[in-house]
Amino acid sequence: MSAPRTAAAAPPVARIGDIDVLRGCALLGILLINAQLMAGPAVALGGGAGSGLADRGAAWATTALVSGKFYLLFSFLLGYGFTVQRRSAERAGVAFATRHLRRTAALFVLGLVHAVLLFPGDILMTYAALGLVLFALRDVRPRRLLRIAAVLLVSLAALLLAYGLLALALERTQGLAAPAADTGAAYRGGPGSIVRTNIELLPRFLGANVLHSADLLAALLAGLAAGKRRVLAGPGPRPVLLRRVVALGLPLGLAGGAFVAVCTHGPLEGGWFFVGQAAGVLTAPALTAAYACGVLLLVRVPAGRGIGATLAPAGRMSLTNYLAQSLALALVFTGYGLGLYGRVGTTTVLLGCLFLYAAQLALSALLSRHRRSGPAEFLLRAATRGGLPRRARWTPGAHHS
């Protein structure tokens, strides 16, 4: 007699294509920022070996156009995905609380390993902690979620502005704190030296993540609100709405990004750095929204559908690609591989990012012919569901949905 069909065998919720496309797009922005951090403290400021006008211009443009924008997009999508996972658990007839706690615990452990071995600027641990807040607010109405998000952004901006004005009043000249002078030698050393340095720098990065957890949480809550209203389901937002967001968000976001760059790279210096950060907190969401809506508009026209088809596989494997980026960068900049930490300029780093991203798009497309997700997603899903299903293995020859 065959076993009865259980609720756990219910068909999975279909993936939403726009989410995959936007995640694939966000991966490039995250790579551009993380690569500069992993290449050395001077790279993000346009310095580094043999730096010149092109490097300073590249750093300025990255700060204005990229910094602080794509983690917001990724956070929004994570919040949206929370609602998809909840519906999936309900369809399967399993307790969502248990699944979510397992998922956040696995994400935290994965982030800790990532931070210690590869990159102390890991964001996964922060997402795991904020995931608990997201769960606590899961039943709040969308409009109230957006109000909470707005309060978080205004509060963080006010805090940064107050600190910046105080720094200006006290004539403080230091903006960004630079790592110790021997960091380069430590990162160009052996594995033990790299791990020790990552552990030493981890509190500093965690402190920055705690400070900016307010705007990350705001983006998560905005995504949760959008997911409750199924904004990206079906045909998605109407083109007229997408164009309106681009028209309003682009000028505001670009102006804010330019001001942040001026306060970070000069001529405004010292306490102006924090004033610029305050402006960025308020205007970065506008540019992030404009980017996202612009991408959605692009992939809806015949000429842009190929772009969407190229981005979507990488987005389905976003966790795997995020970790693979750190691994590749560590092999280039630390003693794990070439040891080029502090020895290349900003322009070279950014060009290298484009090659790495192109390779990830190609490999993701190739892998997606056999798998719906990458190995990191497979392991996270297994942890979320309490273990590997019977006979389940992550092998290229099997299709896993």
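This is a predicted model: local features need pLDDT of at least 70, side-chain atom pairs count only at pLDDT 80 or more; totals for chains, interfaces and linings use all residues.
A crossing of two helices is left-handed if the near helix is turned anticlockwise from the far one by less than a right angle, and right-handed if clockwise. Keep that at hand for the stops below.

Residues are numbered from 1 along each chain as its sequence is written, and side-chain values use heavy atoms, with hydrogens and water left out.

**Whole chain**

Start with a cartoon view. The secondary structure comes to 15 helices and zero strands; helices (H or I, at least four residues) and strands (E, at least two) are DSSP runs, numbered from the N terminus. Colour by accessibility next: of the 401 residues, 47% count as buried. Buried means under 20% relative accessible area, exposed over 50%, and partly exposed in between (1.4 Å probe, protein chains only). Contact means heavy atoms within 4.5 Å. Among contacts between residues at least 6 apart in sequence, 82% join residues at least 24 apart.

**Stop 1: α1 against α11**

Select residues 17-39, which form helix α1, and residues 272-299, which form helix α11. Their axes come within 10 Å and cross at roughly 120°. That angle makes α1 oblique to α11. Axes are lines fitted to C-alpha atoms, for helices over the stretch in contact, and angles run from 0 to 180 degrees between N-to-C directions. Angles under 35 degrees count as roughly parallel, over 145 as roughly antiparallel, 65 to 115 as roughly perpendicular and the rest as oblique. The crossing of α1 and α11 is right-handed.

Show side chains for Asp18, Val21, Leu22 and Cys25 in α1, which meet Ala292, Val295, Leu296 and Val299 in α11. By class, the residues of this contact are seven nonpolar, no polar and one charged. Here Ala, Val, Leu, Ile, Met, Phe, Trp, Tyr, Cys and Pro count as nonpolar, Asp, Glu, Lys and Arg as charged, and the others, Gly among them, as polar.

Now centre on Leu22. Which residues is Leu22 in contact with, leaving aside its neighbours within four places in sequence? They are Leu73, Leu77, Ala292, Val295 and Leu296. Leu22 counts as buried because its relative accessibility is 2%.

**Stop 2**

Leu311 is one of the buried residues of helix α12, together with Gly308, Ala312, Pro313, Ala314, Gly315 and Arg316. Select residues 305-316 to see α12 whole. Its twelve residues reach 17 Å from first C-alpha to last, close to the 16 Å expected at 1.5 Å a residue; the expected span is 1.5 Å times one less than the number of residues. Cover for the buried residues of α12 includes α1, α11, α13, α14 and α15 (375-384).

**Stop 3: α13 against α14**

Select α13 (residues 318-333) and α14 (residues 346-368), whose axes come within 11 Å and cross at roughly 135°. This pair is oblique as well, and its crossing is right-handed. On the α13 side the contact is made by Asn321, Ala324, Gln325, Ala328 and Phe333, and on the α14 side by Val349, Leu356, Gln360 and Ser364. The contact has five nonpolar, four polar and no charged residues.

Stay on α14 and pick Ser368. Ser368 is buried, with a relative accessible area of 18%. Not counting residues up to four places away in sequence, Ser368 touches Pro313, Arg316 and Met317.

**Stop 4**

Select residues 213-228, helix α9, with 16 residues and a reach of 22 Å, close to the 22 Å expected. Is α9 mostly covered or mostly uncovered? Mostly covered: 13 of its 16 residues are buried.

Arg230 follows α9 and lies in the loop between α9 and α10. Arg230 is not a glycine, yet its phi is positive, about 55°. At 48% relative accessibility, Arg230 counts as partly exposed. Further on, in the loop between α10 (239-265) and α11, find Pro267. The peptide bond from Gly266 to Pro267 is cis, with omega near 10°. Most residues other than glycine have a negative phi, and most peptide bonds are trans.

**Stop 4: Thr183**

Finish at Thr183 in helix α7 (residues 183-187). Thr183 is buried, at a relative accessible area of 6%. Not counting residues up to four places away in sequence, Thr183 touches Thr197, Leu201 and Tyr341.
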